[in-house]
Amino acid sequence: MLVSSSKIVEIGELGDERGYLAVLEQNKLLPFEINRVFYIYKTSPGVRRGFHAHYKTRQALVCVSGACKVYLDNTIRKTDVLLDSPRKVLILEPSDWHEMYDFSPDCVLLVLASHLYDPEDYIRDYDQFLEVYGG
Ligand code: T46
């Protein structure tokens, strides 16, 4: 299966004396149509989440409050990215194994997803992930 690269996109902020506003629009900054939105918050200290890749779901992750880190592994490249601003959006490809960690107590991680929730779309076994996306 095709391995593509996740990337961080820095979005502009619209600000005036009232404060700031940031916009994410499907098929513009986001290279997919949004079918689902969820957010992760009040994460317990020291917790690491994720530990999976997907077959088809593309996602955009943004810390609208606080910060967290995301470990990414696309079988070739392993990287850690820091989401510490409402302007930093991680476009997460399905082929990236991902783990979220180092959540600040005030972290609200907003996730926009291309598909409805489907447990069959998850690859939770690392060996299976390597079989699907490796080599
Ligand atoms: C991902 C990362 C960034 C639902 O019922 N519907 C949903 O839309 C989602 C996302 C989850 N769930 C249920 C499934 C589990 O019983 O909520 C529970 C926690 O989900 P999970 O353990 O998959 O959460 P994370 O933090 O490991 O992963 C989530 C997303 O599931 C996943 O797509 O890429 O955030």
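Cys-68 lies in strand β7, which spans residues 68-73. The model described here is predicted.

The relative accessible area of Cys-68 is 0%. Buried means under 20%, so Cys-68 counts as buried. Glu-131 stands 63 residues from Cys-68 along the chain, and the C-alpha atoms of Cys-68 and Glu-131 are separated by 29 Å.

**The sheet**

Strand β7 belongs to an open sheet of five strands, arranged in the order β8-β7-β10-β5-β12 with antiparallel pairing. At the edges are β8 (78-83) and β12 (122-123), each of which pairs on one side only. In general, the strands of a sheet pair through backbone hydrogen bonds, in either a parallel or an antiparallel sense. Between β5 and β10 the antiparallel pairing runs over three bridges. His-52 has His-98 of β10 as its bridge partner.

**The ligand shell**

The ligand is surrounded by 13 residues, of which the closest are Arg-36, Arg-49, Gln-59, His-98 and Tyr-122. By residue class, the shell divides into five nonpolar, five polar and three charged residues.

| Side chain | Distance to a ligand oxygen atom |
|---|---|
| His-52 | 3.1 Å |
| His-54 | 3.2 Å |
| Gln-59 | 2.7 Å |

Taken alone, the ligand exposes 650 Å², and the protein buries 67% of that area. Strands β4 (36-41), β5 (49-54) and β10 (97-101) are the elements that give two or more residues to the shell. The largest share, four residues, comes from β5.

**His-98**

With a relative accessible area of 3%, His-98 is buried. A polar atom of the His-98 side chain lies 2.9 Å from the backbone oxygen of Asp-96. Apart from residues up to four places away in sequence, His-98 touches Arg-49, Gly-50, Phe-51, His-52, Ala-53 and His-54, as well as Gln-59, Val-70, Tyr-71, Leu-72 and Leu-92.

**Thr-57**

Thr-57 is found in the loop between β5 and β6, the latter spanning residues 59-65. Although it sits in a loop, Thr-57 has a relative accessible area of 2% and is therefore buried. Its side chain makes a polar contact of 2.4 Å with the side chain of Asp-121. Asp-121 is also one of the residues that Thr-57 touches when those up to four places away in sequence are not counted; the others are Arg-36, Leu-92, Glu-93, Pro-94, Ala-113, Ser-114 and His-115.

Conventions: Residues are numbered from 1 along each chain as its sequence is written. This is a predicted model: local features need pLDDT of at least 70, side-chain atom pairs count only at pLDDT 80 or more; totals for chains, interfaces and linings use all residues. Side-chain values use heavy atoms; hydrogens and water are left out. A residue is near a molecule or strand if one of its heavy atoms lies within 4 Å of it. A polar contact is a pair of N or O atoms within 3.5 Å; within protein, one must be able to donate a hydrogen and the other to accept it, and residues adjacent in sequence count only if both atoms are side-chain atoms. Accessible areas come from the Shrake-Rupley method with a 1.4 Å probe; for residues, only the protein chains shown count as cover. Ala, Val, Leu, Ile, Met, Phe, Trp, Tyr, Cys and Pro count as nonpolar, Asp, Glu, Lys and Arg as charged, and the others, Gly among them, as polar. Buried means under 20% relative accessible area, exposed over 50%, partly exposed in between (1.4 Å probe, protein chains only). Two strands pair if DSSP finds at least two bridges between them. Contact means heavy atoms within 4.5 Å.
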